[in-house]
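This briefing is intended for reading alongside the sequence and the three-dimensional view. The points that follow are grouped by topic.

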Amino acid sequence: MTATLEAAAPTPAAGEIPSFTVTLRIRRFNPEVSEEATWQDFTVEAHGTDRILDALHKIKWDEDGSLTFRRSCAHGVCGSDAMRINGRNRLACKTLLKDVNPEKPITVEPIKGLPVVKDLVVDMEPFFASYREIMPFLITSGNEPSKERYQSPEDRAKFDDTTKCILCAACTSSCPVFWTDGQYFGPAAIVNAHRFIFDSRDEGGSQRLEILNDKEGVWRCRTTFNCTEACPRGIEVTKAIQEVKRAMITRAF
Amino acid sequence: MAHGTAAVAKLDSPRSPYVRRKTTRGNYELYSWVFMRASGVVLIVLIFGHLFVNLMVGDGVHAIDFGFVGGKWANPLWQVWDLLMLWLAMIHGTNGVRTIINDYATRDLTRGILKGLLLLAFAVVVVLGTLVIFTFDPCPPDAPAELLASFCTA
């Protein structure tokens, strides 16, 4: 089944780019076949410029069409292909093979803490349920202004970092507190609440603080920084959570 | 209709819908978070003060005997100091372990049992400690005088 690629590979010499073989050790799960997840190794020919996603595509297109994973834009914007690569949450489309030591088998697993549907696809519903709970939309009162809602660059800068979130769930599914029972709101929900709490145009800040002032809200954050390390957009997630905590404390005292 | 519900029931086990338990909002966790920071700062002063007085001042560690402890607990300052240290340390520690149980116990039953044991241990230590600090007799009768604090006359 495997090794059909070897014969075809040498012909397209891709310019100066070096090519090498790489082994991907993928966590396979198919509930229609077995309740147990298993590891399966695939060896593919890859170029120095290839990403994990390219290798996954090669496997799916040329070796085993049953391999299941999500991807949409394939360029690090849509946040569909977050997965656990060599034990760390990353976007498959932003991770170059050469950066994760292709000499050894590269492990690829679904993100942790969310129910696996098949292979690398997880059920994102718990993640989006928390996201919906924090009301990720502008809340205002009174009449609509006849022109734009003015905001100074300084006010905009307060929440600039948290506008970058693409909802890939890399942070939430890297959080050990979330792994326990999935009841914690998770970093992504807090980041998106932060984006509105610190928006000078928004008037729902205290409602959102009230929602996150929950037993499962910001107070379950243990500042392990897993989320900050996992974020493919470089958002300072832990810092944002701490800022929400601070806002709650200044509100309470 | 009946067909539809049957299909849903069949799908239920592998893909059971996500349920967030009903909201547990309130300031409890906020106050507990603030308490951990505040009590931590106070405990640093209390514990290092305690260590300094017991181990560094005068003869230091060699001076500790029944009379030394009895003499300290005859003084209201040290009674309050030790009481505060006991209570703050116990609440701080218990709250910390409670947090760890919340983070690591996955099932509600395990969580409940562990927290029950924790509360029991907390109650025993705090009650016993408080009792000792307030009912301690520095000058028990029929004890050899050289073992007691200097103010014991009997």
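Chain A contains an open sheet of five strands, arranged in the order β2-β1-β5-β3-β4 with mixed pairing. The model is a predicted one.

- From one strand to the next, the twist averages 35°.
- Within the sheet, β3 (residues 82-85) and β5 (residues 106-109) of chain A are paired in the antiparallel sense, over two bridges.

**Residue A:T68**

- The loop between α2 and β3 of chain A holds A:T68.
- A:T68 counts as partly exposed because 15 other C-beta atoms lie within 10 Å, a number between the limit of 12 or fewer for an exposed residue and that of 20 or more for a buried one.
- Leaving aside residues up to four places away in sequence, A:T68 touches A:K118, A:D119, A:L120 and A:V121.
- A:D81 stands 13 residues from A:T68 along the chain, and the C-alpha atoms of the two are separated by 11 Å.

**Chain B**

- Chain B has five helices and zero strands, and its pattern along the sequence is α-α-α-α-α.
- Chain B comprises 154 residues, of which 3% count as buried.
- Among the contacts in chain B with a separation of 6 or more, 68% join residues 24 or more positions apart.

**The contact between the chains**

- Chain A contributes 19 residues to the contact, and chain B contributes 16 residues.
- On the side of chain A that touches chain B, at least two residues each come from α3 (125-133), α5 (176-181) and α9 (237-252) of chain A.
- By residue class, this side of chain A consists of nine nonpolar, three polar and seven charged residues.

Key: Residues are numbered from 1 along each chain as its sequence is written. Chains are lettered from A and ligands numbered from 1 in the order in which they are written. This is a predicted model: local features need pLDDT of at least 70, side-chain atom pairs count only at pLDDT 80 or more; totals for chains, interfaces and linings use all residues. Two residues are in contact if their C-beta atoms, placed from the backbone, lie within 7 Å. Helices (H or I, at least four residues) and strands (E, at least two) are DSSP runs, numbered from the N terminus. Ala, Val, Leu, Ile, Met, Phe, Trp, Tyr, Cys and Pro count as nonpolar, Asp, Glu, Lys and Arg as charged, and the others, Gly among them, as polar. Two strands pair if DSSP finds at least two bridges between them. Axes are lines fitted to C-alpha atoms, for helices over the stretch in contact, and angles run from 0 to 180 degrees between N-to-C directions.
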